[in-house]
Amino acid sequence: MSVKIDLKTIHIRYKGLFDFQSVYSLVYKWLNDREYRTQEGKYKNKPDSTWGYRHEIKITGEKKIDAHYKYTVTLLLDARDCSEVEVN
């Protein structure tokens, strides 16, 4: 019998400049450093309004604890109105 316990959902909202590739790499590094087996379930990159692009990525990490337990972490990166800029 399988029992699923949802602990907590955290939403982080940010408006401004950021390096999307660095955030993406940091998520994978964090999961791999903690020995989670990662899987990318969704990857969308499409035009979003007149301002830029929308990136949607769903990453799931699983870590088996013992014969009866495993941890599952699911991250949804949803970046809207993205465009590349040059920062000096």
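Modeller: Buried means under 20% relative accessible area, exposed means over 50%, and partly exposed lies in between. This is a predicted model.

Biologist: Why is His-55 called buried?

Modeller: His-55 has a relative accessible area of 15%. The cut-off for buried is under 20%. Therefore His-55 counts as buried. The residue sits in strand β2.

Biologist: What makes the link between His-55 and Asn-45 a polar contact?

Modeller: Their side chains come to 3.4 Å. A polar contact needs N or O atoms within 3.5 Å, one able to donate a hydrogen and the other to accept it. The pair is therefore listed as a polar contact.

Biologist: Which residues does His-55 contact, leaving aside neighbours within four places in sequence?

Modeller: Phe-20, Lys-44, Asn-45, Leu-77, Asp-78, Ala-79 and Cys-82.

Biologist: Now Glu-56. Is Glu-56 buried or exposed, and how do you know?

Modeller: Glu-56 is also found in strand β2. Its relative accessibility is 9%. Buried means under 20%, so Glu-56 counts as buried. Not counting residues up to four places away in sequence, Glu-56 touches Lys-42, Tyr-43, Lys-44, Lys-46, Leu-77 and Asp-78.

Biologist: What makes Glu-56 and Lys-42 a salt bridge?

Modeller: Their N to O distance is 3.5 Å. The limit is within 4 Å. So the pair qualifies as a salt bridge. It links distant parts of the chain: Glu-56 is in strand β2 (residues 52–64), Lys-42 is in strand β1 (residues 37–48), and they are 14 residues apart. Lys-42 is partly exposed, at 28%.

Biologist: Why can such side chains pair at all?

Modeller: Because opposite charges can pair when the charged atoms come close.

Biologist: How do you know that Arg-80 and Asp-78 form a salt bridge?

Modeller: Their closest N and O atoms are 3.0 Å apart. That falls within 4 Å, so the pair counts. Arg-80 is exposed, with 51% relative accessibility, because exposed begins over 50%. Asp-78 has 32% and is partly exposed.

Biologist: Which residues are linked in a network of salt bridges?

Modeller: Lys-42, Arg-54, Glu-56, Asp-78 and Arg-80. The structure holds seven salt bridges. Another one joins the side chains of Lys-29 and Asp-33, at 2.7 Å from N to O.

Biologist: Where do Lys-29 and Asp-33 lie?

Modeller: Both are in helix α1, four residues apart, about one turn of the helix. Lys-29 has a relative accessible area of 48%, so it is partly exposed. Asp-33 has 48% and is partly exposed.

Biologist: How many aromatic pairs does a search of the whole structure find?

Modeller: Four. One of them is Tyr-14 with Phe-18.

Biologist: Why is the pair of Tyr-14 and Phe-18 called edge-to-face?

Modeller: The planes stand at 85°. Over 60 degrees counts as edge-to-face, so the name applies. The centres are 6.4 Å apart, and the limit is within 6.5 Å. Tyr-14 is exposed at 59%, whereas Phe-18 is partly exposed at 43%. Tyr-14, Phe-18 and Phe-20 form one aromatic cluster.

Biologist: Which residues make the nonpolar surface patch?

Modeller: Val-3, Ile-5 and Leu-7 make a patch of about 400 Å². Ile-5 is in the segment before α1 (20–33).

Biologist: What makes Ile-5 exposed?

Modeller: Its relative accessibility is 66%. Exposed means over 50%, so Ile-5 counts as exposed.

Terms used
Residues numbered from 1 in each chain as written. Predicted model: local features only at pLDDT ≥ 70, side-chain atom pairs only at ≥ 80, totals over all residues. Heavy atoms only, no water. Patch = residues over 30% accessible without salt bridge, like charges linked within 9 Å, V, L, I, M, F, W, Y side chains within 5 Å. Areas by Shrake-Rupley, 256 points an atom, 1.4 Å probe, with all protein chains shown as cover. Helix = DSSP H or I, 4+ residues; strand = E, 2+ residues; numbered from the N terminus. Buried < 20%, exposed > 50% of the residue type's maximum accessible area, 1.4 Å probe, protein only. Contact = heavy atoms within 4.5 Å. Phe/Tyr/Trp six-rings, centres within 6.5 Å; stacked < 30°, edge-to-face > 60°.
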